[in-house]
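Hi,

Here is the structure I promised to pass on. Have a look first, and my notes on what turned up in it follow below.

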Amino acid sequence: MPAWILWLSPVVVAPLLAVLWTVWAARPRGPVQALETVEQYDRFRAALTAPVPQPQHARRSRAS
């Protein structure tokens, strides 16, 4: 096998993998149960309302 094939194979393989991933990720999914949707929304709301921790360096500068 010529060495140039090995060097050029990522040029062909990477776009093909990207297209396959996009097709797979955008596939139509079946209906979900209502309870799952409500639980996901509750987790989303909890994540938005959670307090954001301050970075360590900001806490040290205020304390000194």
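A quick definition to start: a residue is called buried when its relative accessible area is under 20%, exposed when that is over 50%, and partly exposed in between, using a 1.4 Å probe and protein chains only. What you have is a predicted model, where local features need pLDDT of at least 70 and side-chain atom pairs count only at pLDDT 80 or more, while totals for chains, interfaces and linings use all residues. Numbering runs from 1 along each chain as its sequence is written, and side-chain values use heavy atoms, with hydrogens and water left out.

First, the overall picture. Of its 64 residues, 2% are buried. The accessible surface is about 6,400 Å², and carbon and sulfur atoms hold 70% of that (Shrake-Rupley method, 1.4 Å probe; for residues, only the protein chains shown count as cover).

Now helix 1, which spans residues 3–25 and includes I5. I5 is partly exposed because its relative accessibility is 34%. It also belongs to a nonpolar surface patch of about 1,400 Å², along with others including W4, W7, L16 and L20. Patches take residues with over 30% relative accessible area and no salt bridge, joining like charges within 9 Å and nonpolar side chains (Val, Leu, Ile, Met, Phe, Trp, Tyr) within 5 Å.

Further along, the whole structure contains one aromatic pair. W21 and W24 make it, tilted, at 5.3 Å centre to centre and 40 degrees between the planes. (Rings of Phe, Tyr and Trp, the last by its six-membered ring, pair if their centres lie within 6.5 Å; planes under 30 degrees apart are stacked, over 60 edge-to-face, the rest tilted.) These two are three residues apart in helix 1, so about one helical turn separates them. W21 is exposed at 56% relative accessibility, whereas W24 is partly exposed at 46%.

Next comes R29, in the loop between helix 1 and helix 2 (34–49). R29 counts as exposed because its relative accessibility is 55%. A polar atom of its side chain lies 3.3 Å from the backbone oxygen of A25.

Last, helix 2. What does a search of the whole structure find by way of salt bridges? One (a side-chain nitrogen of Lys or Arg within 4 Å of a carboxyl oxygen of Asp or Glu). D42 and R45 form it, with their closest N and O atoms 3.9 Å apart. Both are partly exposed, D42 at 38% and R45 at 44%.

Cheers

Conventions:
Helices (H or I, at least four residues) and strands (E, at least two) are DSSP runs, numbered from the N terminus. A polar contact is a pair of N or O atoms within 3.5 Å; within protein, one must be able to donate a hydrogen and the other to accept it, and residues adjacent in sequence count only if both atoms are side-chain atoms.
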